[in-house]
Amino acid sequence: RRVREAVVSTQSTGDRSSVINIYHPQAAMTFEGQKFEGQAAIQGKLTGLPFKTVKHVVTTVDVQPIPGQEAYIVLVLGQLKTDDDPPHGFSEVFTIFNVNGQHVVVNDVFRLALHNG
């Protein structure tokens, strides 16, 4: 729920800097093949993206619990639209763990569904 609220808030305000609060301090992100470790690096990537507006349209969300942990792996498929660009498909996989009573993103892998064929 906390993760969903952060994404919705980011979409409505356009402020990508606040989404960092859902990431664990030592989180890891792979964004289009580039690796980032820690909140500062992830925040730098997210706030440094070249577009001003972004809208996500989620097609499916699949969630599985991680056995023996209060944690989940999540797969999100959908489309995103930035500024005046056409929509692009995307996939994102992340793990969410309960750390000190807060659900936080520990791993995040994001890819656009672009074909360079």
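I began with a term: strands here are DSSP runs marked E of at least two residues, numbered from the N terminus. I also noted that this is a predicted model.

**Entry 1: the overall plan.** I looked up the elements and found two helices and six strands. Following the sequence, I wrote down the order α-β-β-α-β-β-β-β. Of the 117 residues in the protein, 30% are buried. I then checked contacts with a separation of 6 or more, and 38% of them join residues 24 or more positions apart.

**Entry 2: the core.** Which residues touch the most other members of the largest nonpolar core? I found Tyr23, Met29, Phe31, Ile42, Leu46, Phe94 and Val105, in a core of 21 residues. At least two core residues come from each of strand S1 (23-31), helix H2 (39-48), strand S4 (71-82), strand S5 (88-99) and strand S6 (102-112). S1 gives the most, with four residues.

I stayed with isoleucine 42 for a moment. Leaving out residues up to four places away in sequence, I listed its contacts as Ile20, Tyr23, Ala27, Ala28, Met29 and Phe36.

**Entry 3: the surface.** Val58, Val61, Val63 and Tyr72 make a nonpolar surface patch of about 320 Å². Strand S3 (residues 54-65) gives the most to this patch, with three residues.

**Entry 4: valine 63.** I located valine 63 in strand S3. Is valine 63 partly exposed or buried? I put it down as partly exposed, because its relative accessibility is 47%, and that class lies between 20% and 50%.

Notes: Residues are numbered from 1 along each chain as its sequence is written. This is a predicted model: local features need pLDDT of at least 70, side-chain atom pairs count only at pLDDT 80 or more; totals for chains, interfaces and linings use all residues. Side-chain values use heavy atoms; hydrogens and water are left out. Patches are made of residues with over 30% relative accessible area and no salt bridge: like charges are joined within 9 Å, nonpolar side chains (Val, Leu, Ile, Met, Phe, Trp, Tyr) within 5 Å. Accessible areas come from the Shrake-Rupley method with a 1.4 Å probe; for residues, only the protein chains shown count as cover. A salt bridge is a side-chain nitrogen of Lys or Arg within 4 Å of a carboxyl oxygen of Asp or Glu. Buried means under 20% relative accessible area, exposed over 50%, partly exposed in between (1.4 Å probe, protein chains only). A nonpolar core is a set of buried Ala, Val, Leu, Ile, Met, Phe, Trp, Tyr and Cys residues joined through side-chain atoms within 4.5 Å. Contact means heavy atoms within 4.5 Å.
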